[in-house]
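Please work through the packing of nonpolar and aromatic side chains in the structure shown here. The discussion takes the form of a tutorial dialogue.

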Amino acid sequence: MNSQGKIFIIGLPRTATTSTCVAMLDLGFKVAHTCYTNNCLSQAQVIADAPVFYHFKALDLAFPNSRFIYLERDLADWLPSIKQLLLRMHTNVTREDGGFNPIIKQSYTSIFAPFSIEQLNDDEFLRNCYLTHKQDIEHYFHDRPDDLLHLNVAAKGSYQALLAFLNLPASENDFIKINIGGKVTAWKDIKHPNKIESTNKGRIDKTILDDIKAGYLD
C-alpha cells in the first residue's frame, strides 16, 4: 500500500477542473488532469477528473493521508455545459468497437447512468446525478472535515480558500478561467514542467482500476 498522500480533485467534469489544475501547477505541484497509468498515479501529486471523480473512495484507501477537493458549480451554469459535453461524448462512450478508453467509459457511465441520449438531454436527470455524487462525497467525508475542501472557483475568495487548505501563504493571484465556451481541450495545449501525462504515449494500463482497489500502487 502506498503511504504517500496526494490531492485528488473530485468534482465532476465542467466544474473548473482544468482551471484548478492550472492553479496547482503554478503552485508547484506535479499535476495530472485525468490519469490512466500506474506511473501517472505514482508521479502526480494532484490528480483530477477521470477516474478520480468516481473512484475517490478506492483512491483514499490506496493513498492514505490524501486530501480531496470537491469542485462545485452553480447548477444553472453547470447543466448546459455538462449536457453539451456528455452529448458530444455519447457515441465514443457507448460504442463497443472502440471509442474512449474503458476507464473513461466506466467513470462516465457509472455517474451518469443510464448513459442514454434521452437521459442526457434531461436537466432533471443531470441535476440528480450531480446531487447524488455530491451527497456521496459529503457522506463519505462527514467525519473528516479537514480532508475535504468544497470549492466553487467562481466564488469570491475561492483562491484564498485553496491556499489555506494547502497551508500556503495568502496571495493576490486568482484562478485563470480555462475551457470557456464549451471547449474541453485546453489542458492538452498547456506546457509546464510540473504537468504529468495521463497516458504512456497514448496507452493506458488496463489493470489500473484493479490496482487501485487492491491498494498496492507503488
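**Aromatic pairs and nonpolar cores**

A: Tyrosine 159 has a relative accessible area of 5%, so this residue is buried (buried means under 20% relative accessible area, exposed over 50%, partly exposed in between, with a 1.4 Å probe and protein chains only). The model is predicted: local features need pLDDT of at least 70, side-chain atom pairs count only at pLDDT 80 or more, and totals for chains, interfaces and linings use all residues. Residues are numbered from 1 along each chain as its sequence is written, and side-chain values use heavy atoms, with hydrogens and water left out.

Q: Is phenylalanine 175 buried or exposed?

A: Phenylalanine 175 is buried, at a relative accessible area of 11%.

Q: How is an aromatic pair read, and how many aromatic pairs are there?

A: Rings of Phe, Tyr and Trp (its six-membered ring) pair if their centres lie within 6.5 Å; planes under 30 degrees apart count as stacked, over 60 as edge-to-face and the rest as tilted. The count here comes to 10 aromatic pairs. One of them joins tryptophan 78 and tyrosine 130, a tilted pair with 4.9 Å centre to centre and 55 degrees between the planes. Tryptophan 78 belongs to helix 4 and tyrosine 130 to helix 7, so this pair links distant parts of the chain, 52 residues apart (helices are DSSP runs of H or I with at least four residues, strands are E runs of at least two, numbered from the N terminus). Tryptophan 78 is buried at 0% relative accessible area, and tyrosine 130 is buried at 4%.

Q: Why is the pair of tyrosine 159 and phenylalanine 175 edge-to-face?

A: The ring centres of tyrosine 159 and phenylalanine 175 are 5.2 Å apart and the planes stand at 85 degrees, so the pair is edge-to-face.

Q: Which residues touch the most other members of the largest nonpolar core?

A: A nonpolar core is a set of buried Ala, Val, Leu, Ile, Met, Phe, Trp, Tyr and Cys residues joined through side-chain atoms within 4.5 Å. In the largest one, of 46 residues, Ile10, Leu86, Tyr108, Phe112 and Leu126 touch the most other members. Helix 4 gives the largest share of this core, 7 residues.

Q: What does phenylalanine 112 touch?

A: Contact means heavy atoms within 4.5 Å. Leaving aside residues up to four places away in sequence, phenylalanine 112 touches Leu12, Trp78, Ile82, Leu86, Leu120, Phe125, Leu126 and Cys129.
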